[in-house]
Number of protein chains: 2
Amino acid sequence: MHPHRLAKALPLEAVSLHDAFWSRYVQLVHEKVIPYQWEALNDRVPGAEKSHAIENFRIAAGLVSGDFHGYVFQDSDLYKWLEAVAYRLTTHPDAALEAQADAAITLIGQAQQPDGYLNTHFTVAQPGKRWTDERRKHELYCAGHLVEAAVAYTQATGKRSLLEIACRFVDHIATVFGPEPGKKRGYPGHQVLEMALVKLFHLTGEARHLALASYFIDERGRQPHFYDIEEEARGEKGHQGYFEDYVYAYTQAHLPVREQKVAAGHAVRAVYLYSGMADVAMETGDESLAQACRTLWANMTRRQMYVTGAIGSQEYGEDFTFDFDLPNDTMYAETCASIGLVFFAHRMLQMEPRGEYADVMERALYNGVLSGISQDGERFFYVNPLEVWPEACAGRHDHRHVAATRQPWFGCACCPPNIARLITSIGQYLYTRSQDTLWVHLYAGSELACSIAGTPLHLRQLTTYPSEGHIRIEMAPEAPCSFTLALRLPGWCRAPRLAINGASIDPAPLRREGYAMLQRLWTKGDVVELDLPMPVERVWGHPALRSGTGRVAIQRGPVVYCLEEADNGTNLGALAIPREAPLETTTALFGLPTVEGPALRLREGPWGEALYASAPPEAESCRFRAVPYHAWGNRGAGEMQVWIREQGR
Amino acid sequence: MHPHRLAKALPLEAVSLHDAFWSRYVQLVHEKVIPYQWEALNDRVPGAEKSHAIENFRIAAGLVSGDFHGYVFQDSDLYKWLEAVAYRLTTHPDAALEAQADAAITLIGQAQQPDGYLNTHFTVAQPGKRWTDERRKHELYCAGHLVEAAVAYTQATGKRSLLEIACRFVDHIATVFGPEPGKKRGYPGHQVLEMALVKLFHLTGEARHLALASYFIDERGRQPHFYDIEEEARGEKGHQGYFEDYVYAYTQAHLPVREQKVAAGHAVRAVYLYSGMADVAMETGDESLAQACRTLWANMTRRQMYVTGAIGSQEYGEDFTFDFDLPNDTMYAETCASIGLVFFAHRMLQMEPRGEYADVMERALYNGVLSGISQDGERFFYVNPLEVWPEACAGRHDHRHVAATRQPWFGCACCPPNIARLITSIGQYLYTRSQDTLWVHLYAGSELACSIAGTPLHLRQLTTYPSEGHIRIEMAPEAPCSFTLALRLPGWCRAPRLAINGASIDPAPLRREGYAMLQRLWTKGDVVELDLPMPVERVWGHPALRSGTGRVAIQRGPVVYCLEEADNGTNLGALAIPREAPLETTTALFGLPTVEGPALRLREGPWGEALYASAPPEAESCRFRAVPYHAWGNRGAGEMQVWIREQGR
């Protein structure tokens with residue numbers, strides 16, 4: 001790690017988004033998801049599974065009597081909602097919503113115990129059992145989401161009540177866990193608190209917050225193993241509960257983190273952990289930790305990531321499996337895992353700006369994350385398959401976790417609020433800044449107000465990306481100022497073109513690790529134009545990717561495409577695209593062009609009754625239409641396929 | 001059904017096998033499997049999971065004290081062993097083995113209760129719970145295997161003690177179950193007793209044995225549902241136990257059998273039921289039942305059967321799923337299910353001799369059944385995949401039921417003894433006989449002694465099938481005799497050739513439903529020569545078979561081939577065979593030729609580190625070698641693949 005290369009994210013309030021693509025999603029979250037979530041948290045959605053989250057807090061606060069209901073991590077749903085609300089209030093103040101949030105915060109405060117402890121499950125249902133089963137019981141996980149919400153809410157509103165609640169809980173946690181004699185040498189069973197504590201440290205500047213994050217990272221996976229100690233203390237044997245056969249790797253606690261070489265275990269936990277590791281490495285300058293992040297990044301993104309930026313190859317444990325094992329139809333590919341991959345990529349980019357991190361972040365955002373939410377903002381995928389045969393989802397037990405259509409809400413409602421907090425904070429992911437360089441990682445219509453090299457800067461980005469690849473950047477430093485504007489040259493783009501103030505310049509000599517480094521004295525009125533040609537491209541998988549061999553995917557710009565039954569009829573497996581067939585953009589669907597081209601389809605008609613025959617099936621010429629993957633499943637139920645058979649190979 | 005067309009199987013003792021292919025398997029079973037099973041049943045195999053089967057009988061008999069151990073159907077392992085022993089004694093008398101069997105039979109008799117009831121699980125472990133949970137507890141299943149063993153042992157040895165035990169138990173069962181007032185209107189939760197009772201009827205001629213079989217078939221799936229009645233009587237709610245979500249279809253009890261149109265539920269139960277239905281239909285002339293058999297046959301073999309003759313598309317419930325759902329790597333494809341398919345095919349052939357029944361019987365025998373046993377007779381597959389990636393078997397939870405190598409024995413030891421009883425009785429499957437026609441269904445070196453049209457006949461079949469397709473049949477009727485010799489013309493054979501006494505004849509005008517009908521006055525010394533050319537053939541799947549599209553299988557004669565890592569290296573998915581490439585036979589492996597040809601292999605070397613790229617992987621020319629599917633996995637662990645990518649499609 002090169003500390004001088006750290007390029008930190010700019011605060012959300014520095015970026016104002018006016019983007020054809022993202023603003024629509026932000027608006028959906030503001031207008032539909034956040035209010036819907038509030039109703040769901042309050043058990044007021046007719047027909048939906050009850051959340052009971054608010055009610056749990058009321059009971060814990062002693063305002064009403066009743067039993068705890070929901071998952072042990074039910075509290076985190078409210079915290080994630082508050083975090084999304086915070087981001088919304090940052091960019092779109094709303095007094096009524098703020099009042100709703102303030103009331104919820106008051107309630108949270110009432111549920112906090114005198115010693116700072118805060119978890120409605122244990123307070124209501126298992127009062128004597130606090131901190132006895134961190135491997136499974138998510139107390140530190142809920143704490144992490146509380147801290148993230150508190151930081152965001154304080155930054156959004158300047159109000160400190162949630163922050164004070166969070167800090168009291170963190171202080172309590174520090175009395176329970178740590179390397180000092182008499183404390184438990186534990187760490188989160190489900191990670192998130194690590195990165196939350198670094199955010200808290202950024203806000204408070206309190207070294208003890210960073211120290212606790214470092215401790216959790218360093219302690220993980222050490223011997224004697226905390227899970228064994230916990231288990232013995234509970235008087236249990238044989239690691240009861242789910243995933244007995246990989247008690248340790250499931251939570252990435254099989255080895256000390258610096259010895260982990262391969263992404264393993266529950267995918268969401270993994271990327272949350274790696275994000276926290278990157279955060280701590282950046283703050284402490286710990287090169288061994290940074291190197292562990294790079295090693296895990298390389299394994300995950302080069303051996304265990306779907307072309308959609310999805311991760312998690314199996315439902316069991318919602319986990320990574322092994323290199324090149326990426327089945328298209330039985331995977332987990334949880335929306336939250338792609339969100340966590342965005343978190344991790346964003347941190348790696350801050351640690352050392354390299355195009356590969358931004359390429360993966362973009363791939364996940366435009367594909368595996370956005371596929372999680374419907375175009376109307378009312379339905380959600382938890383699992384994001386690359387191939388769907390609705391009959392198999394209905395009729396095969398090993399597909400039972402794969403919904404063929406987005407669902408209105410989930411009993412385990414982790415994904416919808418997670419999408420909400422990511423989309424409402426999307427502005428944070430566009431730019432980072434080091435001492436003398438402003439990095440543009442994502443292209444989206446936006447205005448940035450920050451200072452660079454000591455000079456206030458206003459920057460305006462105009463684009464219809466990812467519909468088209470033209471980006472216009474208008475620079476307005478308060479005074480002429482020398483710094484580097486680093487524009488990302490996406491890995492998918494073969495021939496980027498660049499012009500400054502109308503004069504073309506060759507980006508090749510300016511290219512460094514995936515960015516065009518425009519170092520000059522910038523003055524108000526300077527205009528940079530970046531053109532990223534976006535022909536429809538074919539994408540192939542590594543020869544060892546069994547689920548892709550003999551197949552091809554379609555991508556245009558950062559957007560991966562897929563076939564849907566709505567356009568191509570049933571039995572998508574019967575379609576094949578010739579390698580030389582031209583692929584053309586055509587009518588838009590939900591704002592992005594669709595892709596058409598010639599194909600061949602195996603004919604069922606002439607085949608007859610037999611299941612097997614010694615003559616091949618006949619093929620007929622036809623045309624296919626592919627649509628953006630993230631927009632699939634918005635036109636009724638049906639088949640879908642990302643990896644398409646390639647004729648001629 | 002046309003009763004005059006019934007062509008019944010000939011008894012095992014009528015056929016003596018001298019066959020290069022089958023005799024070796026028979027010898028393996030005689031010399032290794034049967035003795036090994038006996039040791040296993042007696043818990044004398046070091047390192048193997050304990051069977052406890054014999055010990056359970058000893059305890060039930062009051063000879064020793066102890067607890068029952070094993071599955072509720074543990075008794076059936078001993079019965080299946082006895083049945084295999086009976087077949088062995090029929091063809092290869094062995095006084096020592098017969099004495100062993102007699103001792104086991106004495107023990108079984110000692111375990112039988114005074115009222116005829118016989119089941120060690122209930123007698124030892126749940127004495128008051130007899131007949132309270134037929135859906136799950138396998139009492140009638142064990143009874144079925146007892147009856148099958150008893151019939152076979154009586155036919156083999158003339159000894160009636162096991163038959164008497166079985167008949168006493170059947171008489172007891174008839175006091176418990178039946179349509180008469182006061183009896184339970186139940187039927188087997190796991191079928192087999194239905195077909196066993198028809199065998200018993202053939203031996204005893206007692207109409208009550210057929211009537212009980214008919215009753216079980218007719219009652220199945222009727223309303224009010226017996227499982228509900230049983231459950232209520234147990235005071236349970238919600239159908240506890242496995243497979244709650246398809247309590248009825250799992251055991252084919254979702255509808256009366258004549259209303260069932262689609263093969264459903266646990267595959268072994270299904271084919272055992274359908275076999276029993278065909279048996280009863282043949283004996284009673286019930287056309288509606290025969291029609292149900294044809295409908296279920298057509299669905300199963302044309303929509304839900306693997307090219308290897310395997311059935312059972314998923315592990316959950318070990319069951320059928322839905323049309324065209326035949327994944328290559330997560331299926332169940334149990335050895336016992338292919339064996340049951342042979343039983344069903346054999347019965348359909350007796351009901352109405354049509355080539356398609358024999359084609360499926362042959363496909364299952366040479367592929368999905370024989371893959372269940374290793375070439376040394378010491379290891380067994382329970383699950384018979386069409387594609388194996390050992391890392392996935394080890395690392396994916398949804399593959400955990402798929403062993404990458406054959407196993408020495410199973411706690412649920414249904415498959416090894418089932419293979420043993422099928423192989424030892426293989427002679428029964430070669431010929432059937434109607435009043436005026438002798439049908440030859442399978443080609444194997446053998447001698448047949450029977451009478452036809454009132455005349456004793458000796459027939460000798462000489463062949464090296466399936467190594468080569470030449471068959472010589474020497475006819476020796478005691479006196480010149482007019483009848484039809486019906487020789488099967490396999491569905492896989494495009495150009496069969498026929499000669500009688502050296503004179504070629506055109507088989508085309510003699511062909512009827514898959515058989516060459518040679519009607520003439522046969523005299524001693526007549527020689528029929530049938531030549532079935534066996535070029536290596538490509539096989540394609542129906543366009544709706546998603547697991548086969550873009551792929552091709554290789555078959556020669558009845559033998560399906562596969563690629564193995566031992567010959568082709570790792571990553572079989574990287575191999576593709578051009579459609580026009582010549583396929584040639586080459587060196588034999590375990591007695592059958594292997595197949596070689598040119599192929600293309602995607603190169604990993606030049607690809608680099610990325611998982612996805614916008615340039616296709618390079619391919620290089622290579623050669624592949626395919627080996628008989630049933631012989632895979634005999635040369636160490638490694639990948640295997642039946643459906644091979646086809647280049648150029």
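A salt bridge here is a side-chain nitrogen of Lys or Arg within 4 Å of a carboxyl oxygen of Asp or Glu. One such pair links Asp325(B) to Arg396(A), with the closest N and O atoms 2.8 Å apart. Across the interface of chain A and chain B the rule finds 6 salt bridges.

This is a predicted model: local features need pLDDT of at least 70, side-chain atom pairs count only at pLDDT 80 or more, and totals for chains, interfaces and linings use all residues. Residues are numbered from 1 along each chain as its sequence is written, chains are lettered from A and ligands numbered from 1 in the order in which they are written, and side-chain values use heavy atoms, with hydrogens and water left out.

**The interface**

Contact means heavy atoms within 4.5 Å. Chain A brings 63 residues to the contact, and chain B brings 63 residues. Together the two chains bury about 5200 Å², 58% of it on carbon and sulfur atoms.

Several elements of chain A, among them H13 (287–303), H16 (390–395) and S24 (644–647), each supply at least two residues to the side that touches chain B. S15(A) gives the most, with 5 residues. Helices (H or I, at least four residues) and strands (E, at least two) are DSSP runs, numbered from the N terminus.

**Strand pairing**

Two strands pair if DSSP finds at least two bridges between them.

| Strands | Bridges | Direction | One bridge pair |
|---|---|---|---|
| S21(A) and S15(B) | 2 bridges | antiparallel | Ala613(A) and Trp540(B) |
| S2(B) and S6(B) | 3 bridges | antiparallel | Val15(B) and Leu448(B) |

Chain B also holds an open sheet of 7 strands, in the order S2-S6-S7-S8-S14-S10-S11, with antiparallel pairing. S2 (15–17) and S11 (503–505) of chain B stand at the edges, each with a single partner strand, so one side of each has no neighbour in the sheet.

Note on methods:
Buried area = accessible area lost by both parts, 1.4 Å probe.
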